[in-house]
Amino acid sequence: MAKADIFMGIVLFGAVGGVGVYSSSGVSPSLPARGISPRGGERGRVVSIARAEVGVKELTGKNDGKRIAEYLAYTGIKVPAPYCAAYVSFVFGKAGYSQPRTPWSPAMFPASRIVKEPKPGNLFGIYFSELNRIAHVGLVAEVRGEWLVSYEANSNNNGSRNGDGVYQRLRHKRTVSKYADWIISNKNKHYGKI
C-alpha cells in the first residue's frame, strides 16, 4: 500500500469519525436514505437489545460504572478495562447466544465468521495500525448505502476507542477493517439468561 493511500485512509478515518454522529434522540440530517434495517427475527432482536444500552455512561470516565462492570463481568474481566467487546458479548448473551463471549476485540473476527458485506446484527472491527490489530468493535444497526448506523461501547461523539459510554454512531464503510456474522448459524444459541 502506498504512503499516500495510508495517509488518505487516516485522513478519511479522522474526517468521517466525527461527522454525522447522532444519538438515540434523533437522526442527523446528513444521513443517506434508508437502507438495510433489521425487520425482526434474530437480527432485529440483537439490534434491539444493543439499542437499549445506548446512553449507558461511565461513572468517573475510567472504564467504570455499574453497567460497564456487568459487561466486563460477563466476559470474566473486572473494572476498569476497555469494554467494547464485552458490551457486544453481553448483547449477544442477552439475546440467548453463548458466543461471542470475549473481552478482546480481535477474537470477535475468526475466519469462520467473516463476511464481506454488513447486515444488521453483524459486528464491525476497526483496525489501529499503532496496535497492529483490530482494537475496537461495534454492532451494525443499519446499513445506509456506504454508511453504517452502529451501536458501540467505550466510545464517544468523536468515535474514540476509549470513550465514556455506549453510543449510536454513523461510520463510513471505508473505516471498517472486517465484518463478522455471529447470527448466521444457531449452533451457538442457548436459551439461558444472563
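Buried means under 20% relative accessible area, exposed over 50%, and partly exposed in between, with a 1.4 Å probe and protein chains only. This is a predicted model, so local features need pLDDT of at least 70, side-chain atom pairs count only at pLDDT 80 or more, and totals for chains, interfaces and linings use all residues. Residues are numbered from 1 along each chain as its sequence is written, and side-chain values use heavy atoms, with hydrogens and water left out.

View 1. Helices (H or I, at least four residues) and strands (E, at least two) are DSSP runs, numbered from the N terminus. The order from the N terminus is α-α-α-α-β-β-β-β-β-β. Of the 194 residues, 49% are buried. Take the contacts (heavy atoms within 4.5 Å) between residues at least 6 apart in sequence: 60% of them join residues at least 24 apart.

**View 2. Strand E2 (residues 123-128) is mostly covered.** In E2, 5 of the 6 residues are buried. Two strands pair if DSSP finds at least two bridges between them. E2 runs antiparallel to E3 (residues 133-144), with 6 bridges joining them. Tyr-127 stands opposite Ile-134 of E3. The E2–E3 hairpin has 4 residues between its strands, and Asn-132 there takes a positive phi near 60 degrees. E2 also pairs with E6 (residues 178-180), antiparallel, over 3 bridges. Here Gly-125 has Lys-178 of E6 as its bridge partner.

**View 3. Arg-144 sits in strand E3.** Arg-144 is buried, at a relative accessible area of 5%. Its side chain makes a polar contact with the side chain of Glu-142 at 2.9 Å. Such a contact is a pair of N or O atoms within 3.5 Å; within protein, one must be able to donate a hydrogen and the other to accept it, and residues adjacent in sequence count only if both atoms are side-chain atoms.

**View 4. The second largest pocket has a volume of about 190 Å³.** A pocket is an open set of points on a 1 Å grid over the protein atoms alone, where a 1.4 Å probe fits, with protein on both sides within 12 Å along at least five of seven lines; lining residues have an atom within 4 Å of a point. The volume is the space filled by probe spheres set on the points. The lining has 14 residues, and Pro-82, Cys-84, Pro-103, Arg-133 and Arg-161 lie nearest the centre. Helix H4 (84-94) and E3 each supply at least two lining residues.
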